[in-house]
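Look at the sequence and the 3D structure below.

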Amino acid sequence: MSRSSHFHLRRKRSIVLPNKTMTSTEEAKQFVLQAYGRFDLTVTRGEGTRVWDERGREYLDFCSGIATCSLGHCHPALTQAIAEQSTTLMHCSNLYYIEQQANLAELIVEKVVRHPGKIFFSNSGAEANDGLIKFARRFGQASGRYDVITFNKSFHGRTIGAMTATAQAKIHEGFDPLPTGFTYVEPNDLDAVQAALTDKTIAFLLEPIQGEGGVNPMTKEFLEGLAALAQEKELLFLLDEVQCGFGRTGDLNGYDTIAPGLVPDGISWAKGMGGGFPIGSFYVAEKHAHLLGPGSHGSTYGGNALACAASKAVIETIIAENLTANVKAREAQIRKTIESWNHPAITEVRGHGLLLGIALNFDTLDIPEGSMPSIHLCTALIEKGLLVPPAGPEIVRLLPPLNVSVDDIDQALQLIKETLDAHLKS
Ligand SMILES: *Cc1c(COP(=O)(O)O)cnc(C)c1O
């Protein structure tokens, strides 16, 4: 017996090899760390608002990779930008200047933020928030301040820093000791914020609309009050636009939809800015940009030519096709349609633009013992051919692409109505 066949036999006995007799789900369960609760679906292809599974079944996708595929799947502007850049230059490191990075930074500062400042590029939202936290720490060094106030039910990502900024016990569970320097406060309550201020407070960090935490919008008064308080106490006003940014709310900035005229000191983004290509970034207002000088922060992949070319194509398309206007019109369509149902299982529609949460009335719904209502309904909707993500136990989220059509909205809402009807207690 040769060595290789002997090795093969021994391996076969100890583990199951991935082969054609294994489904991709079985393969994933054996070899991919089981850190995610997943729906039982494998998506293999996408086009616009549609995706297909491995059996060729079609679904209407109102999850959009969790608010990521802002132009829908495989939009030609994005696939072309990626194809062209990938044959020119993908990556050369931040040891050298990167033309696509400079172009994208200019586009974001000039057309999106519209206030002087500078951009750092990361690969994800959590890293972008870590960058904002490091910005706050640098800002506070001289005065010995470091504590960042974040808000209950927030979500800022899964790195040790972003996770600690996230004020949700279930995200922290079993990861003690967490870094110090965070204080959690109830959102939309300026008095609670006032009461939480200490001589160590350096910044407020918050999502204008909490996404993962249940689609909870901040009020105009709260955002404006925090910005004013930050100015008064010389604190940084930092916004996490990872989910609500780049057109999702019907404006290029989520905060513009709630409180136009706000001028944040720092902003983080990811999700929708790449249209499905992994990229994140944060903005630092010009007056503070010197705090993160050469050597202070970095990322090997961050802002490489390929990611920046992809993101630029996405953002330019959002602006050129005026997709924010479509977002506002489709939001109105959704609200009007759902209102007209007067459905006993729906308590309200929360959020802005196409970051909406349908809040469920548990009392009216027949949900099997032990299952979470939102997840049970999202599973039932997959069966019907619609992908939507939950947000906490009581919210079904709607996150279609920004260019979604009237007909797609009608079709998705019809499926939701049928599913809710089928789950009403008799
Ligand atoms: C998704 C999300 C993050 C984390 O982004 P990742 O790319 O998953 O690291 C941070 N903040 C908000 C508001 C998010 O929705």
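The points below go through these topics in turn.

This is a predicted model: local features need pLDDT of at least 70, side-chain atom pairs count only at pLDDT 80 or more, and totals for chains, interfaces and linings use all residues. Residues are numbered from 1 along each chain as its sequence is written, and side-chain values use heavy atoms, with hydrogens and water left out.

**The ligand site**

- The ligand is surrounded by Ser124, Gly125, Ala126, Asn129, Phe155, His156, Gly157, Glu207, Asp240, Val242, Gln243 and Lys271. A residue counts as near a molecule if one of its heavy atoms lies within 4 Å of it.
- Three residues of this shell come from helix H6 (residues 125–140), the largest share. Helices (H or I, at least four residues) and strands (E, at least two) are DSSP runs, numbered from the N terminus.
- By class, the shell has three nonpolar, six polar and three charged residues. Ala, Val, Leu, Ile, Met, Phe, Trp, Tyr, Cys and Pro count as nonpolar, Asp, Glu, Lys and Arg as charged, and the others, Gly among them, as polar.
- A polar backbone atom of Ala126 is 2.7 Å from an oxygen atom of the ligand.
- An N or O atom in the side chain of Asp240 is 2.8 Å from a nitrogen atom of the ligand.
- An oxygen atom of the ligand lies 2.8 Å from a polar side-chain atom of Gln243. A polar contact is a pair of N or O atoms within 3.5 Å.
- On its own, the ligand has 380 Å² of accessible area, and the protein covers 82% of that. Such areas come from the Shrake-Rupley method with a 1.4 Å probe.

**The sheet**

- Four strands form an open, mixed sheet in the order E1-E2-E3-E15. Two strands pair if DSSP finds at least two bridges between them.
- Strands E1 (43–47) and E15 (386–387) stand at the edges with a single partner strand each, so one side of each has no neighbour in the sheet.
- E2 (residues 50–53) and E3 (residues 58–61) pair in the antiparallel sense over three bridges. Val51 stands opposite Tyr59 in E3.
- E2 and E3 form a hairpin with four residues between them. Gly56 in the turn has a positive phi of about 90°.
- E3 and E15 pair in the parallel sense over two bridges. Leu386 in E15 is the bridge partner of Leu60.

**The second largest pocket**

- This pocket has a volume of about 800 Å³. A pocket is an open set of points on a 1 Å grid where a 1.4 Å probe fits, with protein on both sides within 12 Å along at least five of seven lines; lining residues have an atom within 4 Å of a point. The volume is the space filled by probe spheres set on the points.
- The lining has 27 residues, and Gln101, Ile119, Phe120, Phe121 and Leu292 are the closest to the centre.
- Helix H5 (99–113), strand E4 (117–122) and strand E12 (280–285) each supply at least two lining residues.

**Backbone spots**

- A cis peptide bond joins Asp176 and Pro177, with omega about -5°.
- Ser93 is not glycine, yet its phi is positive, near 85°.

Key: Polar contact = N/O pair within 3.5 Å; in protein donor to acceptor, adjacent residues only side chain to side chain.
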